[in-house]
Amino acid sequence: MLSYEEALDHLLAAAQPVEESKPAPLSVARGRILAADVAANVTVPPLDNSAMDGYAVRCADCAHAGVALPVAQRIPAGSVGHALAAGTAARIFTGAPVPAGADAVVMQEFCEHGADGQVIVNQVPKSGQNIRRAGEDIMSGAAVLRAGSRIGAAEIGLAASIGMATVPVRRRLRVALLSTGDELTEPGQPLPPGGIYNSNRHFLRALLEGYGCVVTDLGRVPDTLEATRRALRDAASAHDLIVSSGGVSVGEEDHVKPAVEAEGALSLWKIAIKPGKPLAFGKVGAGGTASSAAFIGLPGNPVSCFVTFLLFLRPYLLKRMGMATTLPVARQLVSASDWSKLEDRRSFLRARIAPDGRVELYPNQSSGVLTSCAWADGLVDVAANRTFKAGDPVRYLAFADLL
Ligand code: AMP
Ligand code: MG
């Protein structure tokens, strides 16, 4: 049996990032992976500007509270004033450039109207107060976004703030998805005797699309060697990766292993984790050609399938998508539950954070209980032969960091 890290190392070593990239408009860039660093051609903000509605002044003119100054100009946001003459103030609004010569802005709440259009400044300003400095966010030439990062709302905003209408992104991964198992029935259909609904197909598609993959859903493949081989051959040509669920045990109804071996090459790993012992990894078609694709076979049990996706397929996908970091950051939290079952494998327990901040376990940790994955908002990572009690520290992997 391989350890989790050994299996992951094998997978990541084989994961070549896709190379093609193109500029994507900001409106469709969310979730994409940056193909290159993005540097600023502008300074943000471009000029010193006011953080408040108020009056721009020279501190030297306001040595004591109650000074009356003539208001020599009015500067709304979007316009540029002129140099502030000594002994005058400028009416100014939030975001408007601070005129040359002014070294503070006094909030309008600390000012009142005086005679003859003067302003009475009821505060002794400190130099620099309420002024946002040019370049305080971004200096021209600075790298603003890094290659290999995933573009979220904040990154889109940052790109827009430096005037970029597009960002360079890697092409999406093309993934073919197939389910094995003659017992599988599609949702919406009547359930025949002996049948179960195909759940893996639907959550795998959702997970893959959540990572920005373009998914070809090939549905269920009949449990025969010929049908499985044909499905793999067809899928290999137009895809980077084929993902299957089920059929990776070594029962006589499990055709994935012999089919991938016949069409390419396969390693079947027994990994010392629970849930999700078997994982198949290989390729279909002659390696490196347009008609070849990597292959990953996930276990059929829905919980095993879900958890192995997060533990193995996710980092593999992220690396192939071109992401710089692929591993989640685990958090050290306190358990609210006891775990007294000695497992000889490292376990990933479905868990969630209770309102008091401690981690509670779903009561049924069976790998057939998909309810646990919907209830949970993360996994507790427990070493083999380890138990814990409420109050003990546990290692927690949040779905929010994974999905
Ligand atoms: P297998 O790995 O094919 O032996 O399947 C292991 C268990 O998972 C069996 O109980 C299957 O019925 C179940 N299973 C396999 N594929 C799916 C699926 N797509 N949806 C729900 N259950 C599945
Ligand atoms: Mg099966």
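Which pocket does the space taken by ligand 1 form? The space taken by ligand 1 is the largest pocket, where a pocket is an open set of points on a 1 Å grid over the protein atoms alone, with protein on both sides within 12 Å along at least five of seven lines.

Before you click: this is a predicted model, with local features needing pLDDT of at least 70 and side-chain atom pairs counting only at pLDDT 80 or more, while totals for chains, interfaces and linings use all residues. Residues are numbered from 1 along each chain as its sequence is written, chains are lettered from A and ligands numbered from 1 in the order written, and side-chain values use heavy atoms, leaving out hydrogens and water.

**Stop 1: the domains.** Colour the chain as domain 1 (4–18 + 172–320), domain 2 (21–44 + 137–170), domain 3 (49–132) and domain 4 (331–402); the bounds come from an automatic or database domain assignment. Between the C-alpha centres of domain 3 and domain 4 you'll find 58 Å.

**Stop 2: ligand 1.** Select its surroundings and you get 14 residues, the closest being Glu 183, Asn 198, Ser 199, Gly 247 and Gly 300 (a heavy atom within 4 Å counts). By class, the shell has four nonpolar, nine polar and one charged residues, with Gly counted as polar.

Now show backbone N and O atoms. One from Gly 247 sits 2.9 Å from a ligand 1 oxygen, and one from Asn 301 is 3.2 Å from an oxygen of the ligand. Taken alone, ligand 1 exposes 490 Å², and the protein buries 77% of that (Shrake-Rupley, 1.4 Å probe).

**Stop 3: the cavities.** There are two cavities of 30 Å³ or more, a cavity being a set of grid points where a 1.4 Å probe fits but cannot get out.

For the largest, about 70 Å³, select Gly 31, Arg 32, Ile 33, Arg 170, Arg 171, Arg 172, Leu 173, Tyr 211, Gly 212 and Met 321. Domain 1 and domain 2 each supply at least three residues of this lining, and its classes are four nonpolar, two polar and four charged.

Definitions and conventions
Polar contact = N/O pair within 3.5 Å; in protein donor to acceptor, adjacent residues only side chain to side chain. 1 Å grid on protein atoms, 1.4 Å probe; cavity = no way out; pocket = protein on both sides within 12 Å on 5 of 7 lines; lining within 4 Å. Sits in = over half its atoms within 2 Å of the grid points. Points joined across faces, edges and corners; volume = space filled by probe spheres on them.
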